[in-house]
Amino acid sequence: MQPTEVRQIVLDIIADIALDDDVTKIDDSIALRDQLDLDSMDFLDIVMELKKQHKVEVPQEDYPKLATMESCVTYLTPKFQALQ
Amino acid sequence: MREFDAIVIGAGMSGLAAAIRLGMYEKKVCLLEKHTITGGLNSYYSRGKRRLDVGLHALTNYMEKGERGKPLAKLLKQLRLPYDSLELSPQKQSRILFPEKELVFTNDIEFLTEEIAKNFPTQVDGFLKLLTKVREFDEVNLDNEFLPAKDVVRHFIQDEMLLEMIFCPLLIYGSALEDDMDFSQFVIMFKSLYLEGFGRPEGGVRRILNLLEGKLKELGVEIEFKKSVTEILTQNNIVTGVKLESGEVIHAPLVFSSMGLPETLNKVFPAIHHQTPIGRMSFTETLYFFSQKPADMGLNDTIIFANQAPQYAYRRPDSLFQKESAVICLPNNFTHDDQSEGVIRLTHIANYDAWKALEKTEYKAQKENLHNYDFDYLNQLIQRLAPAKNAVQKTDLAFKDLFTPTTVERYTWHLGGCVYGSPEKTRRGLTPIKNLIIIGTDQGFLGIVGAMLSGISMANLYGLQGETV
């Protein structure tokens with residue numbers, strides 16, 4: 001799986017949670033928390049959605065790696081590739 | 001025998017929200033409701049072709065679309081509901097009406113601050129400091145200790161009348177304690193009423209319930225109505241399931257109960273003896289339907305917190321209901337009026353035991369007395385707020401209905417018809433039984449938004465993150 005596909009997966013999950021936010025204008029290098037109305041409860045939901053939809057597990061100590069879209073893609077791409 | 005990952009007792013705001021969260025992450029959840037409809041303490045009924053709301057006067061925690069970090073936004077995201085689905089319209093203004101002073105507030109705290117500056121000029125600096133204190137306080141921290149709120153607020157507000165006026169709406173919209181409240185709950189209420197404010201979902205409480213029910217349907221979670229839990233089953237102080245009135249036993253390793261803390265512990269088998277006090281706060285409500293709108297009568301406020309006594313007594317009266325104070329809710333007076341008739345709801349603090357003791361004919365007669373009293377109360381209000389307007393006549397009434405603490409008990413099964421639960425809260429949701437979790441009013445988040453957040457946060461903590469207790 002390519003990084004662009006992983007980005008789309010994460011974007012879809014975020015769009016489902018932050019229903020009223022415009023996710024099309026996300027700057028990949030800026031913390032998601034600073035651009036969207038996402039709090040720690042929502043980040044837990046992102047983790048749970050990754051597990052539910054894609055069987056990708058993110059251990060608690062790695063949560064900081066989901067801070068920006070860029071870091072999400074860097075962190076998650078090998079995990080998605082390992083599934084294939 | 002049926003087996004589930006979790007059982008949720010009660011399809012009120014907290015139970016519905018908890019079941020949605022569990023269902024979203026593929027937990028096999030069993031949602032049991034004793035009544036034939038959802039809502040619990042915030043429900044509805046039909047009489048004389050009219051649909052009447054109980055509980056909800058207004059949705060607190062008002063926010064505009066796109067506002068960030070607000071409890072309502074948090075709730076909507078957790079339940080995956082778009083803001084627009086609520087069709088929320090903000091209040092116009094509300095009024096705290098005491099014998100010599102009155103304060104008007106809107107969903108903009110600046111307005112109340114100016115009212116205080118005008119009516120209590122020496123107190124406004126203290127009020128501004130109180131605002132800072134409230135804004136900086138982490139009221140939803142589950143580890144907060146009990147702190148009597150009036151003691152804290154007296155550091156900022158020295159004028160006792162102003163203090164009582166500030167407390168009046170906060171107490172009557174959520175406090176299980178008489179005359180005071182826990183400071184964390186004070187902050188929850190202060191933020192939800194004064195900093196965020198009132199709104200009305202189009203169609204009232206049913207809009208919220210329909211949204212929650214729709215979500216459950218999407219997730220394939222069935223609400224099992226007319227299912228009365230008679231026993232909560234345990235083994236070695238660990239919950240194992242529930243037994244229903246029908247005799248059916250349902251097993252689950254995790255049970256969320258919105259029945260109330262004393263009510264829940266009463267159902268535990270083998271019985272445990274736990275000294276949890278039953279709440280003393282219950283209410284009467286008179287609902288009037290007029291062909292004319294409240295604005296035609298000169299009433300332009302959304303909610304009026306009226307008190308005719310020198311001091312505001314937020315406590316159970318010795319008589320059937322407390323005559324001096326009332327909350328008057330005028331649901332037509334939100335920015336968007338979604339009702340064809342004029343609706344006026346008058347709520348008094350009431351004494352459950354006194355109502356419960358009445359024989360049937362006496363009960364009926366006392367309801368009639370309450371109606372007569374409230375009709376006069378309404379006209380006194382019109383006279384004070386709109387002296388140029390004529391009094392309303394009983395012949396103007398298209399329909400009326402009244403409910404009392406015993407009505408609340410009959411339809412919600414909350415002991416003593418108590419509306420805000422036990423004065424003892426269990427903020428982490430814990431009980432003496434492992435994996436038996438309290439949600440709803442006795443967990444300690446207040447209001448409808450609080451109730452839903454309670455169901456969400458307890459479901460997250462114990463159902464999804466697997467916190468062991």
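How many bridges join strand β16 of chain B to strand β19 of chain B, and do these strands run parallel or antiparallel? The answer comes in the second legend.

This is a predicted model, in which local features need pLDDT of at least 70, side-chain atom pairs count only at pLDDT 80 or more, and totals for chains, interfaces and linings use all residues. Residues are numbered from 1 along each chain as its sequence is written, chains are lettered from A and ligands numbered from 1 in the order in which they are written, and side-chain values use heavy atoms, with hydrogens and water left out.

**View 1. An open sheet in chain B.** Seven strands follow the order β8-β7-β17-β18-β19-β16-β20, with mixed pairing. Helices (H or I, at least four residues) and strands (E, at least two) are DSSP runs, numbered from the N terminus. Two strands pair if DSSP finds at least two bridges between them. β8 (102-105) and β20 (397-403) of chain B each have a single partner strand, so one side of each lacks a neighbour in the sheet. On average, neighbouring strands of this sheet are turned by 15° against each other, direction ignored.

**View 2. Strands β16 and β19 of chain B.** Strand β16 (residues 282-290) and strand β19 (residues 342-350) run antiparallel, joined by 9 bridges. B:Thr284 has B:His348 in β19(B) as its bridge partner.

**View 3. Helix α11 of chain B across the strands.** Helix α11 (residues 360-385) lies across β7, β8, β16, β17, β18, β19 and β20 of chain B. The helix runs at about 70° to β16(B). Axes are lines fitted to C-alpha atoms, for helices over the stretch in contact (heavy atoms within 4.5 Å). Angles run from 0 to 180 degrees between N-to-C directions.

**View 4. Where chain A meets chain B.** Here 19 residues of chain A are in contact with 20 residues of chain B. The two chains bury about 1600 Å² between them, 48% of it on carbon and sulfur atoms. Buried area is the accessible area (1.4 Å probe) that two parts lose on being put together, summed over both. A:Asp20, A:Asp37 and A:Met41 supply 35% of the area that chain A buries against chain B, more than any other three residues.

**View 5. A salt bridge between the chains.** Chain A and chain B share 7 salt bridges, each a side-chain nitrogen of Lys or Arg within 4 Å of a carboxyl oxygen of Asp or Glu. In one of them, A:Asp21 pairs with B:Arg68, the closest N and O atoms being 3.7 Å apart. A:Asp21 is in the loop between α1 and α2 of chain A, and B:Arg68 is in the loop between β5 (50-53) and α2 (71-78) of chain B.
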